[in-house]
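Hi,

Here's the structure I promised you.

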Amino acid sequence: MKLPATWAVPDQIRYRLGQKSAGKQRAMIADGHLVLILHKVPELEHRQREAVFFWRQPDGRWEASVNGVGFQLLTQHLKAYSLAEENLTQQYSQARTSEDYFNILENLAPLQLATKNLHATLQSAREAIPEDRDLIDFRDETYEIERSLDLLYQNSKNALDFAMAKKAEEQTRLSLESLRSANRLNLLASIFFPLTAISCVFGMNLSSGLETQSPVLFWMVFISGISLGLIVRNWVLTGSLSNPNISKKRS
């Protein structure tokens, strides 16, 4: 990418440009001439950065590689960065979910890097031409944008981490509730499983000789089944068939 052919800039500035692209944002100074290579506000869907040139002549006049008044175009260039920052700040104020915060961070990253390089470029230009107070204003304006983006990044990152942590806590709570419910079901099954097995055996349509026995036998079988169920329950909870209360008394 080349400078406009009509610009009467020193050759040593032209020789510092590559043939394929303008390269990174930077300030080039020679013989009182200042050329700024700046990038337009980055867009997420376009990886290739679009460059624009600004030329400050030794007498203080500005020109741009695009049509228009150079000084005004440089002012509008910085304004575009400011508007992009305000747009992301508004999105942050309306964000509610982790996906919202992730989208903000995804759009914020390239803008934050471009603004940082823009600020460094204007700082170099201000140091090269310290008497130009407009460059000081441009640099300070860019610094404020960079600072706002840094704060926005920290806030968005913290909000995303909080949303993810809150979601993880909610999932953990639901998992514990499911585990408790399953544990209660296992306890009920362990209590009534022996009784169910005994009922199935005695409920078979086969003659066992117990059909005419006293009802006391029924209650004895019932109590035995419940007792066996409690023993099984204790085994499920402790892994031991012994009664923990009895063991404590013996010790």
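A nonpolar core is a set of buried Ala, Val, Leu, Ile, Met, Phe, Trp, Tyr and Cys residues joined through side-chain atoms within 4.5 Å, where buried means under 20% relative accessible area with a 1.4 Å probe, protein chains only. This is a predicted model, where local features need pLDDT of at least 70 and side-chain atom pairs count only at pLDDT 80 or more, while totals for chains, interfaces and linings use all residues. Numbering starts from 1 along each chain as its sequence is written, and side-chain values use heavy atoms, with hydrogens and water left out.

Now the chain: you'll find six helices and four strands, which are DSSP runs (helices H or I, at least four residues; strands E, at least two) numbered from the N terminus. Along the sequence they go α-β-β-β-β-α-α-α-α-α. Of the 251 residues, 30% are buried.

What sits inside? The largest nonpolar core has 32 residues, and Leu 34, Leu 36, Leu 38, Phe 54, Trp 62, Leu 74 and Leu 135 touch the most other members. β2 (33-39), β3 (51-56), β4 (62-64), α2, α3 and α4 (133-202) each give this core at least two residues, with α3 supplying the largest share, nine. Another core lies apart from it, with 13 residues, including Trp 7 and Leu 17.

Zoom in on Leu 34: beyond its neighbours within four places in sequence, its contacts (heavy atoms within 4.5 Å) include Ala 27, Phe 54, Trp 62 and Leu 135.

Enjoy exploring!

Key. Buried means under 20% relative accessible area, exposed over 50%, partly exposed in between (1.4 Å probe, protein chains only).
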